[in-house]
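Please read it alongside the sequence and the structure.

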Amino acid sequence: MGLKKRLSDPNYNIFSNMPLLIFVSGIKSPYAIYDCSMAVQNMMLAAFTLGVGSCWIGTAVGLANDPKVKAELEFPATTKSTKQ
């Protein structure tokens with residue numbers, strides 16, 4: 001309940017005013033969560049080697065799935081996978 005209350009507070013910034021935010025999105029498939037997670041882990045490891053801090057914010061999933069946010073970030077409405 002504490003997190004829900006914090007997230008509903010308009011003065012609370014889940015991103016702590018960080019200068020960069022990266023949303024990772026994948027084609028809907030049974031493997032998307034694994035593919036995206038591995039990509040993020042590699043980005044975080046690369047950032048660490050460059051002396052840059054990073055933080056995985058799992059509570060941002062709801063925000064990333066908001067249609068208004070998707071439109072603002074120009075996420076495609078639908079994504080088609082291609083077979084190779």
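**Pocket and fold**

Helix α2 supplies eight residues to the lining of the largest pocket, the largest share of that lining. The structure is a predicted model. The chain comprises four helices and zero strands, and 11% of its 84 residues count as buried.

**The largest pocket**

- The volume of the largest pocket is about 1,500 Å³.
- Lining this pocket are 39 residues, of which Ile 22, Phe 23, Val 24, Ser 25 and Val 40 are the closest to its centre.
- The elements that contribute two or more residues to the lining are α2, spanning 32–49, and α3, spanning 61–64.
- Sorted by class, the lining of the largest pocket consists of 27 nonpolar, ten polar and two charged residues.

**Fold of the chain**

- Along the sequence, the secondary structure reads α-α-α-α.
- Among the contacts in the chain with a separation of 6 or more, 48% are accounted for by residues 24 or more positions apart.

**Surface and burial**

- The chain exposes about 7,600 Å², and carbon and sulfur atoms supply 60% of that area.
- Buried residues, those under 20% relative accessible area, amount to 11% of the 84 residues of the chain.

Key. Residues numbered from 1 in each chain as written. Predicted model: local features only at pLDDT ≥ 70, side-chain atom pairs only at ≥ 80, totals over all residues. Heavy atoms only, no water. 1 Å grid on protein atoms, 1.4 Å probe; cavity = no way out; pocket = protein on both sides within 12 Å on 5 of 7 lines; lining within 4 Å. Points joined across faces, edges and corners; volume = space filled by probe spheres on them. Nonpolar A, V, L, I, M, F, W, Y, C, P; charged D, E, K, R; others polar. Buried < 20%, exposed > 50% of the residue type's maximum accessible area, 1.4 Å probe, protein only. Contact = heavy atoms within 4.5 Å. Areas by Shrake-Rupley, 256 points an atom, 1.4 Å probe, with all protein chains shown as cover.
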